[in-house]
Amino acid sequence: MIERLHTSQRMSKIVKHNGVVYLCGQVGKPQDNVADQTRECLRLVDELLAQAGTSSKNMLQAIIWLADMKDFAEMNAVWDAWVPEGHAPVRACGEAKLATPDYLVEVIITAGL
Amino acid sequence: MIERLHTSQRMSKIVKHNGVVYLCGQVGKPQDNVADQTRECLRLVDELLAQAGTSSKNMLQAIIWLADMKDFAEMNAVWDAWVPEGHAPVRACGEAKLATPDYLVEVIITAGL
Amino acid sequence: MIERLHTSQRMSKIVKHNGVVYLCGQVGKPQDNVADQTRECLRLVDELLAQAGTSSKNMLQAIIWLADMKDFAEMNAVWDAWVPEGHAPVRACGEAKLATPDYLVEVIITAGL
């Protein structure tokens, strides 16, 4: 059985299937710097994981896209402070321009229930 | 048990495992514009999901790479018209150059059975 | 139940959940050419999959990022020689700059147990 939450014509924000929770790519607020955008991404991840009945302690995989890899250290500082100790997911981070030039970071999370 | 379909030395087009269907990245025809390439990607996704015993109504996650983010609106118009209402997967879309400059869009789908 | 191996504050190298093994993005040695970096990535993948209790014969999905798509053929030659015949995962390959300009290729693997 597949459960979808916050479903528009383009995408669902949450899909649950077989004990796995998939979140759509999260972005921050376009005006903000990369640290604040990362904080907002991760706040949204926390919120969506809670709505899905799980939490960041159960993350499985994180894919992170940075619009410019020069922001790697600033993004990491926020990320490292946010991850619950001992519960880090696997992770990969690559450079990719995002939907508009105002978005500096996007975080794609998969978690267990 | 892992089931593979259309397996070459480089990749399988379909892998089934634990009730999840993974498709290899789909691209369209190199000569076409982005709308037509997106249409062809999604036609191939439909075809492969059918061969896997499932359908676009069961999509879990879509990762979309655009060679140039200027094509975002045109790709989205085709995507939005194609997704079965109420069955949208989670989605993330980033800019990434593809195997050759002729490819404008690539779609990576995961679905439930 | 989620099992994590080689867990730092930033990421785990291996996460196991529901019969699926997720590996963090693997890179090679910064000084090396793309063929050698790919060989080192895949050697690390073999090592991590063995630690997780599985092997490259059970790969489900591979996402490959190349810093420059001009290296596509060289990366593929190493990849094609490494994949166990008849066991190829689904695959997608896009261009993405990596953590530093010295990294030419990153490989993100998901496998079954």
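Copies of a chain are superposed here by least squares on the C-alpha atoms of residues with pLDDT of at least 70 in both. Keep that in mind for the first stop, where a rotation axis is the thing to find.

**Before you start**

What you have open is a predicted model. It scores ipTM 0.97 and pTM 0.98. Color chain A by pLDDT and you will be looking at an average of 98, with 100% of the residues scoring at least 70.

**Stop 1: the axis**

Two copies of a chain are related by a rotation about an axis and a shift along it. Start with chains A and B. Chain A is superposed on chain B by a rotation of 120°, with 0.0 Å of shift along the axis and an RMSD of 0.0 Å. That is the relation of a three-fold axis. Which residue of chain A comes closest to the rotation axis? Select A:Ala96: its C-alpha is 3.6 Å from the axis.

Now bring in chain C. Superposing chain C on chain B also takes a rotation of 120°, with 0.0 Å of shift along the axis and an RMSD of 0.0 Å. In chain C, the C-alpha nearest the axis belongs to C:Ala96, at 3.6 Å.

**Stop 2: where chain A touches chain B**

Show chains A and B together and pick out their contact. Chain A contributes 23 residues and chain B contributes 24. On the chain A side, select strands β1 (2-7), β2 (12-17), β3 (20-23) and β7 (105-112), each of which supplies at least two residues. β2(A) gives the most, with five residues. Color this side of chain A by class and you will find 12 nonpolar, seven polar and four charged residues.

**Stop 3**

**Stop 4: two helices in chain B**

Two packed helices are described by the angle between their axes and the distance between the axes. Stay with chain B and select helix α1 (residues 34-51) and helix α2 (residues 72-82), which pack at an angle of about 35° with their axes 8 Å apart. The crossing of α1(B) and α2(B) is right-handed. To see the contact, show side chains for B:Val34, B:Ala35, B:Thr38, B:Arg39 and B:Leu42 in α1(B), which meet B:Glu74, B:Met75, B:Val78, B:Trp79 and B:Trp82 in α2(B). These contact residues divide into seven nonpolar, one polar and two charged.

**Stop 5: a glutamine in chain A**

Finish by selecting A:Gln37, found in helix α1 (residues 34-51) of chain A. Is A:Gln37 buried or exposed? A:Gln37 is buried, because 27 other C-beta atoms lie within 10 Å, and 20 or more count as buried. Leaving aside residues up to four places away in sequence, A:Gln37 touches A:Val27, A:Gly28, A:Lys29, A:Asp32, A:Leu104 and A:Val105.

Technical notes
Residues are numbered from 1 along each chain as its sequence is written. Chains are lettered from A and ligands numbered from 1 in the order in which they are written. This is a predicted model: local features need pLDDT of at least 70, side-chain atom pairs count only at pLDDT 80 or more; totals for chains, interfaces and linings use all residues. Axes are lines fitted to C-alpha atoms, for helices over the stretch in contact, and angles run from 0 to 180 degrees between N-to-C directions. Helices (H or I, at least four residues) and strands (E, at least two) are DSSP runs, numbered from the N terminus. A crossing is left-handed if the near helix is turned anticlockwise from the far one by less than a right angle, and right-handed if clockwise. Two residues are in contact if their C-beta atoms, placed from the backbone, lie within 7 Å. Ala, Val, Leu, Ile, Met, Phe, Trp, Tyr, Cys and Pro count as nonpolar, Asp, Glu, Lys and Arg as charged, and the others, Gly among them, as polar. A residue is buried if 20 or more other C-beta atoms lie within 10 Å of its own, exposed if 12 or fewer, and partly exposed in between; C-beta atoms are placed from the backbone. pLDDT is the predictor's confidence in each residue, from 0 to 100.
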